[in-house]
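Hi,

Here is the structure I said I'd pass on to you.

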Amino acid sequence: METTLEKVQFRLTQSKEKLLLASIFLEKKKYCDSILSSYRAIFYAIRVLLVGKDIDSDDPDTIIEIFEKYLDSTVFRNAEIIEIAKRSKEIKNYVANSNNQVTHDNAETMLNNASTILHEVEKYYNHYNLNSH
């Protein structure tokens, strides 16, 4: 059985890998792939916040919904990040229905969103760890 720290590190690593992949796709002008990878980076970053709670899912949309509904009022009180997560889901849904009519700006915005969320989750988790010992 994995420890909490192992789960956190694993999900942070997954998020960072998806973020790197999103930036590579962006450079190669594969905007849809970049957006979807950024969305996965957000998914894994948010799942870090669920470690140790009885809430989890393998479905990215479900995780974003859980984040929007529960974590904004209990664990993670950063309203800007919650709004970024909501906008990211809207961008991802737009991409899924756009027939590849996605721009560089869409992909870059999503990459920035994912990077911001990952950074804030890491900051939150590091702060939480320092204060819990």
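Let me start in the middle of the fold. The largest nonpolar core has 38 residues, and Ile35, Ile46, Phe67, Ile117 and Val121 are the ones with the most contacts inside it. Helices α1, α2 (31-50), α3, α4 and α5 (104-131) each give two or more residues to this core. The largest share comes from α2, with 13 residues.

Before going further, a word of caution: this is a predicted model. The mean pLDDT of the chain is 82, and 85% of the residues score at least 70. Confidence is highest in helix α1 (residues 4-27), at a mean of 93, and lowest in helix α3 (residues 60-71), at 73.

Now the overall picture. Of its 133 residues, 42% count as buried. If you take the contacts with a separation of 6 or more, 61% of them join residues 24 or more positions apart. The accessible surface comes to about 7700 Å², and carbon and sulfur atoms hold 48% of that.

Leaving out neighbours within four places in sequence, Ile117 is in contact with Ile42, Ala45, Ile46, Ile81, Ile84 and Ala85.

A polar atom of the Ser88 side chain lies 2.8 Å from the backbone oxygen of Ile84. Not counting residues up to four places away in sequence, Ser88 touches Tyr39, Ile42, Met110 and Asn113.

Finally, helix α1. Its 24 residues should span 34 Å at 1.5 Å a residue, and the end C-alpha atoms are 35 Å apart, which agrees. The buried residues of α1 are Val8, Arg11, Leu12, Gln14, Ser15, Leu19, Ala22 and Leu26. An α-helix has 3.6 residues a turn, so residues three or four places apart point the same way. After α1 comes Lys29, which has a positive phi, near 60°.

That's what I have for now.

Cheers

Note on methods
Residues are numbered from 1 along each chain as its sequence is written. This is a predicted model: local features need pLDDT of at least 70, side-chain atom pairs count only at pLDDT 80 or more; totals for chains, interfaces and linings use all residues. Side-chain values use heavy atoms; hydrogens and water are left out. A polar contact is a pair of N or O atoms within 3.5 Å; within protein, one must be able to donate a hydrogen and the other to accept it, and residues adjacent in sequence count only if both atoms are side-chain atoms. Contact means heavy atoms within 4.5 Å. Buried means under 20% relative accessible area, exposed over 50%, partly exposed in between (1.4 Å probe, protein chains only). Accessible areas come from the Shrake-Rupley method with a 1.4 Å probe; for residues, only the protein chains shown count as cover. pLDDT is the predictor's confidence in each residue, from 0 to 100. Helices (H or I, at least four residues) and strands (E, at least two) are DSSP runs, numbered from the N terminus. A nonpolar core is a set of buried Ala, Val, Leu, Ile, Met, Phe, Trp, Tyr and Cys residues joined through side-chain atoms within 4.5 Å. The expected span of a helix is 1.5 Å times one less than its number of residues.
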